[in-house]
Amino acid sequence: MKSMKSIAVALCASMVLAGCNMSNTAKGTMIGAGGGAALGAIIGKIAGNTAVGAAIGGAVGAGTGAIIGKKMDKAKKEAEAVKNAQVETITDANGLEAVKVTFDSGILFATNKADLNASSKSSLQQFATVLKNNSACDVAIYGHTDNTGSDAINNPLSVNRAKSVSNYLKSLGVPASQIKSVDGQGSTNPVADNSTAEGRKQNRRVEVYMYASEQMIKDANAEAAK
């Protein structure tokens with residue numbers, strides 16, 4: 001067990017250093033080869049992963065990781081064309097590559113509101129096409145706030161913002177079955193300094209995660225076994 005942890009730490013370090021220059025396909029191979037879900041949880045923690053990932057109950061192999069990584073490369077490239085979206089690669093709870101798309105609240109909502117504005121609807125219209133083009137991906141949506149105000153205000157506000165995004169995406173034809181989680185995290189997960197106006201703006205955001213569904217993993221396992 002100790003040796004596995006040592007390998008995990010080394011692998012994590014190498015991925016953090018090389019991640020910007022490595023495709024999801026290559027990283028998927030590394031993760032699969034490194035030990036699957038258990039190792040992926042360690043890597044995911046370092047990569048800033050939330051608890052997204054299909055409940056597969058086992059490890060995945062190198063071939064499966066590479067196949068899914070290739071699919072995520074495609075999804076990420078499409079998402080990067082969406083206006084006002086910040087797109088990055090993360091590692092899900094299964095140690096597989098996933099795509100995180102962030103829309104900041106300055107684009108999506110007025111202060112203390114959960115109603116979508118015209119600009120955000122335009123961006124989400126583009127994003128809905130990405131989700132429909134990658135229907136094998138499961139989706140999780142999380143709303144966030146800055147630390148202005150109390151939890152009694154921020155917690156339901158963050159949930160309502162996530163719901164607004166989810167409901168609008170579904171109204172555009174994204175299947176409800178594809179959206180697996182819609183939740184809010186209030187002000188508990190800041191990405192910037194809440195003591196500045198710019199930092200608070202960054203913390204008021206909605207994050208959408210595209211990750212491998214259970215069926216995608218099963219299909220990739222079958223393809224890798226050929």
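## The largest nonpolar core

In this predicted model, the largest nonpolar core holds 38 residues. Four of them touch the most other members: Phe103, Phe127, Ile141 and Leu169.

In soluble globular proteins, nonpolar side chains tend to be buried together.

## Around Phe127

Which residues does Phe127 touch, leaving aside those up to four places away in sequence? They are Val82, Val101, Phe103, Leu169, Val208 and Met210. Two of these contacts, Phe103 and Leu169, are named above with Phe127 among the residues that touch the most other core members.

A second core is separate and has seven residues. Among them are Val52, Ile90, Tyr142 and Tyr209.

## Where α6 meets α7

Phe127 also takes part in the packing of α6 on α7. From α6 come Lys121, Leu124, Gln125, Phe127, Ala128 and Leu131. They meet Val165, Tyr168 and Leu169 in α7.

How are the two helices arranged? They pack at an angle of about 60°. Their axes lie 9 Å apart. The crossing of α6 past α7 is right-handed.

## From β3 to β4

Strand β3 pairs with β4 (residues 179-184). The sense is parallel, and the pairing runs over five bridges. Tyr142, a member of the second core, has Asp183 in β4 as its bridge partner.

Between the two strands, the chain passes through α7. This β-α-β crossover is right-handed.

Note on methods: Residues are numbered from 1 along each chain as its sequence is written. This is a predicted model: local features need pLDDT of at least 70, side-chain atom pairs count only at pLDDT 80 or more; totals for chains, interfaces and linings use all residues. Side-chain values use heavy atoms; hydrogens and water are left out. A nonpolar core is a set of buried Ala, Val, Leu, Ile, Met, Phe, Trp, Tyr and Cys residues joined through side-chain atoms within 4.5 Å. Buried means under 20% relative accessible area, exposed over 50%, partly exposed in between (1.4 Å probe, protein chains only). Contact means heavy atoms within 4.5 Å. Two strands pair if DSSP finds at least two bridges between them. Helices (H or I, at least four residues) and strands (E, at least two) are DSSP runs, numbered from the N terminus. A crossover is right-handed if, with the strands pointing away from the viewer, the path from the first strand over the helix to the second runs clockwise. Axes are lines fitted to C-alpha atoms, for helices over the stretch in contact, and angles run from 0 to 180 degrees between N-to-C directions. A crossing is left-handed if the near helix is turned anticlockwise from the far one by less than a right angle, and right-handed if clockwise.
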